[in-house]
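I opened my notebook today to look up a few things in a structure. Come along and follow the entries with me.

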Amino acid sequence: MPVVSTVRGPVDAAELGQTLMHEHVFVTSTEHLDNYGKGAWWDEEARVADAITKLNALAAKGVRTIADPTVWGLGRYIPRIQRIAAEVPDLNIIVATGIYSFEELPHQYEHRGPGLLLDMPDPMIDDFVRDLTEGIADTGVKAAFLKCVVDRQGLTPGVERICRAVAQAHVRTGAPITVHTNSPARTGIIALDLFAKEGVDLTKVVVGHAGDSNDLDYLRQLADTGATLGMDRFGLDLYNPTPERVATIAALCEGGYADRMVLSHDAACFMDYFPNEWDMVGVIAPNWRYDHIHDDVLPALLEAGVTDAQIQQMLLFNPRRYFS
Ligand SMILES: [Zn+2]
């Protein structure tokens, strides 16, 4: 059986169990946190304890693994995740490499690369590959998937270079990809076209946030390439309410697409987008929490005619295939 890197080390793909394919532990900015958070809204010990409580509660629902696509641009900091993973024994946390940017390349790569001021092979590819094969910084933790973005701005020069570097890191390592897309702008098509040209195995791609769309033609067009649809923002009712998300999944299951969908919330224990109002976020978006799928969505899917076997397919077998 193939082995998957997790924060606590390698796990047989067969042991991943029920997997939520897009959940963050924390979304922060290191500079924001270091300069404005410490001594103000960030309490390291309280936040770590809160995450341990929330993730143990998720494991108690039967979830055995989360895939956390928190990369550069979303505040990836593995030592904090290691502390938490050590206290959440029944949950595997899989981490990612890549860059989360809607427009620009980080300046650290701007002048280094083929044909640039420092003419060299793209160092971004080597950085991603090192995260996947040797480990992230000095943590010993390996990433197991790649993440990039194609949002409404489309393939800006920065986004295009990041996506091509992610594609090349996939080609070198076989690691799967999750791409954040904007469903109203149908950018999943742009991302998959670019990946196909770069030689990516599209069966190893999750089109993140596809579940924000109820346009069955768009979703089938994506899934017919072999890619997997990320039905991954359950609880973000402002983008698409749960009943509509459920009806779309039921229609796709009916059409034979249960093997092309994965489920998740895109939730976090804490996001510094709302540092002083984080508790209010739970009041405004009460379903945006790690247990919404098990408490509310799975019963609604069954009610809508989705079978237990199809739910198993989306929660267990499709994630296993992606990471195998
Ligand atoms: Zn996300």
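**Entry 1: the zinc site**

I looked up the zinc ion and found its protein donors to be His22 (NE2), His24 (NE2) and Asp266 (OD), at 2.1 to 2.2 Å from it. Donors here are N, O and S atoms within 2.8 Å of the metal (3.2 Å for Na, K and Ca), and water is not among the atoms, so sites may look incomplete. Along the chain these donors follow the spacing H-x1-H-x241-D. His24 sits in the loop between strand E3 (19-20) and strand E4 (26-27), and Asp266 in the loop between strand E13 (261-263) and strand E14 (270-271), 242 residues apart. Helices (H or I, at least four residues) and strands (E, at least two) are DSSP runs, numbered from the N terminus.

I noted that this is a predicted model, where local features need pLDDT of at least 70 and side-chain atom pairs pLDDT 80 or more, while totals for chains, interfaces and linings use all residues. Residues are numbered from 1 along each chain as its sequence is written, and side-chain values use heavy atoms, without hydrogens and water.

**Entry 2: buried or exposed?**

I checked His24 and Asp266, and both are buried. Buried means under 20% relative accessible area, exposed over 50%, and partly exposed in between (1.4 Å probe, protein chains only).

**Entry 3: Arg161**

I found Arg161 in helix H6. Its relative accessible area is 17%, so Arg161 is buried. Beyond its neighbours within four places in sequence, Arg161 is in contact (heavy atoms within 4.5 Å) with residues including Tyr109, Glu110 and Asp122.
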